[in-house]
Amino acid sequence: MKKLTLLSFLLTISLHTFATTRYVTPTGAGAMNGTSWINAFQGSSLQSTINAATSGDEVWVAAGTYYTTTGTNRNLSFSMKNDVSIYGSFAGNETAASQRVFTNGLTSILSAEIGVPGNSDNSYHTISNANLNTTAIIDGFIIRDANDDRPATLTDGLGGGIYNDGSNSTACNPTIRNCVIANNQSEFGAGIFNNGYLGTASPVIINCVIAFNTATTGGGGVDNFGLSGNASPLIINCIFYANTAALRAGAMYCWGGNNGNASPVVLNCSFVNNIAVDGGGVVCDNLNTSTGNSGSANPAFRNCIFYYNTASGTGPQFYVLGSALFIATYSDINLIGQTSPHIISGPGTGNMDYDPQFTNPNNGPGVDGNWMTSDDGLQFYNLSPCIDYGNNPGVPATDILSNTRIFNFTVDMGPYEFGSTPTGIPNNNSNTLISNAYPNPSNGITRISFTLPEGISNGEIVLFDLSGQEVKRFGVNNSADHILISANEFSAGIYYYRLQTASHNSEAKKLIVIE
């Protein structure tokens, strides 16, 4: 037994010692043997490089565009591999993956563009996966241009950008990180299709943007096909933006009928400007293929935002079929037009319905046109009600921009973490004074305690609304340490208050007035 243990230990060390980094650039370099940046493989050999990688290897891919094929065979695509990490968006001089800089956006593109310009003859999938676990990692790529326009079957017309095939007693659960999946088309699941029919397709998707994808039937962004199987991904710090479905589920379809399961866990994500006939954002469906319903389609959303999604039919934010459930907590969801049975299941703890105050919801990637950069349009104005109003357990350490995830003790909703005081409120020597309100939320008498600095005899507590407009001032002096205000004097909503004197002011803090 001891000999076997020692042998296993030595084997582990050996595998780790001989793990290889393989380098790829668009044109290749030097000896083109992939041993370094100066001897990189050329881009046309990217898939063969992945295929040749062994357990523990990493494939490093420099900035540039890499195509599924240099020919016209639409069946060709990239694929991932277990125990192999594929990293993109290198400048070409790094010695560690952590040295990559994403501040100007992702720079490595995997494209299904082949043949004549336009998507009519492009590859069916940009990435097509099978038989994978979470050790298969892709990180740092724009994945685009696929078009699976074949009539839908159990294998065709599914998944443009990424097709994860875990059907028929197999499993396909890769890790997809720091990627933009955009401008893909298929009948179902244009961005990503997780095929768990009679099997499992539950990838881990972190820090990704799924945008501008088009489904000619359903699931514009993602389709979790758990019919008679399981398709329940873990989705963290992601954006679903401006995806379109001709019928249902602009952003994401979850189908768990025939005793299947399609119940993704979705944390700190934003669903914005997605469009469908029914279910502009999400569809939860556990209908069977014949009659009745069974199984589960109960996606659970926490710290998420559903705003500006539209449906020409029913359910602009979400649509429920059968006995499926839409579960959401600590989320900002526009409930206008959400009629029974298309309602939130359970208590909806911590939910609200306020304009999230995005900086530019009509231009998600921002002026520079690049997602995951400092001008992204789904970041918050400083008065956003989503700031400091999420739920902390289990949130990742960083946001989609790699900034510290929790600032000021409570996580923000959505994929971006805001780290400053409201710009709509004048700022002058902030954080030198302290004030606190209790109870908060309130619908009656609220105590705002404060401390004036030594030598300052009086000041004011100023109340602002969400637009930064002053609502009311309350005079204070050093003869007391608190004032009492009647919260019910103001309309229900979110306000900010701040203690200020002639030379100092405190951090602006949130006061929530309830009915």
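Trainee: Which residues point one way from strand E27, and which the other way?
Mentor: Side chains in a regular strand alternate between the two faces of the sheet. Here, in a predicted model where local features need pLDDT of at least 70, side-chain atom pairs count only at pLDDT 80 or more, and totals for chains, interfaces and linings use all residues, E27 covers residues 282-285 (strands, E, are DSSP runs of at least two residues, numbered from the N terminus). Residues are numbered from 1 along each chain as its sequence is written, and side-chain values use heavy atoms, with hydrogens and water left out. All four are buried (under 20% relative accessible area, with a 1.4 Å probe and protein chains only): Val282 and Cys284 point one way, and the other way go Val283 and Asp285.

Trainee: Which residue of E31 stands opposite valine 282?
Mentor: E27 runs parallel to E31 (residues 318-321), joined by 4 bridges; strands pair if DSSP finds at least two bridges between them. Opposite valine 282 stands phenylalanine 318.

Trainee: And which residue stands opposite cysteine 284?
Mentor: Look at strand E23 (residues 252-255), which runs parallel to E27 with 4 bridges. The residue opposite is cysteine 254.

Trainee: Is threonine 339 buried or partly exposed?
Mentor: Threonine 339 sits in the loop between strands E33 (332-333) and E34 (434-438). Because its relative accessibility is 46%, threonine 339 counts as partly exposed.

Trainee: How far apart in space are threonine 339 and glycine 419?
Mentor: They are 80 residues apart in sequence. C-alpha to C-alpha, the distance between threonine 339 and glycine 419 is 36 Å.

Methods
Buried < 20%, exposed > 50% of the residue type's maximum accessible area, 1.4 Å probe, protein only.
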